[in-house]
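Please keep the sequence and the structure in view while reading.

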Amino acid sequence: MDNGHLLKELRIERGQREEHGQGPGRWPWIVGAIMLVLAAAGGIGWWVLGHRAIEVQTATAVSPASGGEAGAVLQATGYVTARRQATVSAQITGTLTAVLIEEGDRVSKGQVLARLEDSAYRASLDAALAGVQAAQAQVAQLQAQSDQSRHDASRLQSLAARGLVSKQQAEQARTTAVSTEAQLNAQRKQALVAQAQAAEARVNFDYTVVHAPFGGVITTKDAQVGEIVSPLSAGGGFTRTGVGTIVDMDSLEVDVDVNEAYIGRVKADMPAEAVLDAYPDWRIPAHVIAVVPAADRGKATVKVRVALEQKDARIVPDMGVRVSFLEQKAAVATQAPKGVLVPAKAIAQRDGRNVVFVVAGDKAVRRDVAPVAQDYGEMKLLPAAVQAGDRVVVSPPDTLRDGAAVLVKETGK
């Protein structure tokens with residue numbers, strides 16, 4: 001075999017070279033697969049984080065007042081409170097035999113609300129009354145003896161003066177008369193004691209009947225027949241301390257917390273207007289009763305008492321209220337401005353536009369708005385895009401976007 005043939009045998013063909021180089025060529029495919037997996041994981045993470053609910057605070061958009069809130073110098077929120085309410089209880093410890101009230105019942109002053117087991121107190125009263133009768137009988141007996149002793153002493157004194165009887169007999173008769181008179185006076189005191197005991201027994205007996213201290217509405221029924229009630233706490237036992245709670249609806253007023261930075265705008269007797277959260281289209285004339293001279297250091301607010309000038313069965317304790325403090329009381333209502341009022345903090349900037357986020361279900365829906373320049377206290381008027389009753393996000397975070405899932409943390413104004 002010649003050298004040319006040997007060289008030909010040692011030559012590597014093109015196909016053999018390509019097959020031999022396939023080992024290093026797999027690495028780009030492996031790197032690409034890893035990058036694809038990482039990209040998919042990142043996309044899933046972005047989707048999860050982007051769809052996680054964002055905690056937000058909301059406020060309710062309300063219709064502006066006609067001629068009222070337009071002249072408001074300040075607005076604040078608070079609650080309806082009752083200046084006159086009481087949890088009624090028995091003044092003695094006893095077992096209930098009758099409870100004559102239910103929630104929502106109207107009661108008048110002195111009306112019977114409940115009755116307690118009274119057999120023991122009735123027996124004590126009967127015994128006390130019998131003691132009074134016995135004492136009075138003793139008084140009558142001693143009165144007769146005293147009268148007789150006085151007559152005997154007077155007659156013997158006259159006979160002794162004429163020498164018909166001894167002076168000693170006359171002195172003994174006079175002493176007996178004085179002694180009987182003293183016994184009579186002592187028995188009269190005992191009769192007074194018996195009468196006082198009878199009066200005490202009657203009071204205790206009357207305590208077995210629970211009366212309404214004033215007229216009002218029953219808001220809670222706290223005890224049932226067969227339970228024990230007591231004016232004192234039972235220390236965790238089964239003894240009830242109250243039968244029910246009465247609220248005088250004529251004493252309802254509003255307590256609002258005003259930011260101490262604006263409290264200087266509020267004065268006593270200042271006209272105001274109240275709007276209940278439950279009835280946003282109903283405006284109730286009101287006025288300031290007093291500014292309570294004490295501040296809450298935790299909330300930096302001052303409490304203001306506001307009187308409602310209209311009484312209505314729709315107003316109940318603990319209802320949320322928005323109060324507008326007015327410069328002057330409007331004599332004639334003017335047409336309300338078009339749109340709704342929302343807190344100024346609900347308006348945010350997105351892409352150079354004024355927007356608000358309305359909570360619809362568990363999503364935030366972006367609305368482009370054009371608020372008017374005039375301020376309504378701490379509120380802004382939106383002529384369009386938002387309806388009365390819509391819940392808007394207060395101080396929306398920068399991460400909040402249209403369609404984002406939200407979790408309402410606290411509803412307020």
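The structure is a predicted model. Its chain has 413 residues, of which 33% count as buried. Five helices and 23 strands are found in the chain.

**Overall contacts**

- Among contacts in the chain with a separation of 6 or more, 76% are between residues 24 or more positions apart.

**An open sheet**

- An open sheet is formed by four strands, in the order E7-E6-E4-E9, with antiparallel pairing.
- Strand E7 (209-211) and strand E9 (228-229) are the edge strands, and each of them pairs on one side only.
- In general, the strands of a sheet pair through backbone hydrogen bonds, in either a parallel or an antiparallel manner.
- Strand E6 (residues 112-116) runs antiparallel to E7, and three bridges join the two.
- Arginine 115 has valine 209, in E7, as its bridge partner.

**Threonine 176**

- Helix H5, which spans residues 167-206, contains threonine 176.
- Threonine 176 counts as partly exposed because its relative accessibility is 42%, a value between the limits of 20% and 50%.
- A polar atom of the side chain of threonine 176 lies 2.9 Å from the backbone oxygen of glutamine 172.
- Aspartate 152 is 24 residues from threonine 176 along the chain, and the C-alpha atoms of the two are separated by 9.2 Å.

**Asparagine 259**

- Asparagine 259 belongs to strand E11, which covers residues 252-259.
- With a relative accessible area of 35%, asparagine 259 is partly exposed.
- Leaving aside residues up to four places away in sequence, asparagine 259 touches Ala300 and Thr301.
- Valine 302 lies 43 residues from asparagine 259 in sequence, while their C-alpha atoms are 6.4 Å apart in space.

**The second largest pocket**

- The second largest pocket holds about 210 Å³ of space.
- This second largest pocket is lined by 15 residues, and those closest to its centre are Arg106, Met249, Asp250, Asp312 and Ala313.
- The lining of the second largest pocket comprises seven nonpolar, three polar and five charged residues.

Conventions
Residues numbered from 1 in each chain as written. Predicted model: local features only at pLDDT ≥ 70, side-chain atom pairs only at ≥ 80, totals over all residues. Heavy atoms only, no water. 1 Å grid on protein atoms, 1.4 Å probe; cavity = no way out; pocket = protein on both sides within 12 Å on 5 of 7 lines; lining within 4 Å. Points joined across faces, edges and corners; volume = space filled by probe spheres on them. Nonpolar A, V, L, I, M, F, W, Y, C, P; charged D, E, K, R; others polar. Pairing = 2+ DSSP bridges. Buried < 20%, exposed > 50% of the residue type's maximum accessible area, 1.4 Å probe, protein only. Polar contact = N/O pair within 3.5 Å; in protein donor to acceptor, adjacent residues only side chain to side chain. Contact = heavy atoms within 4.5 Å.
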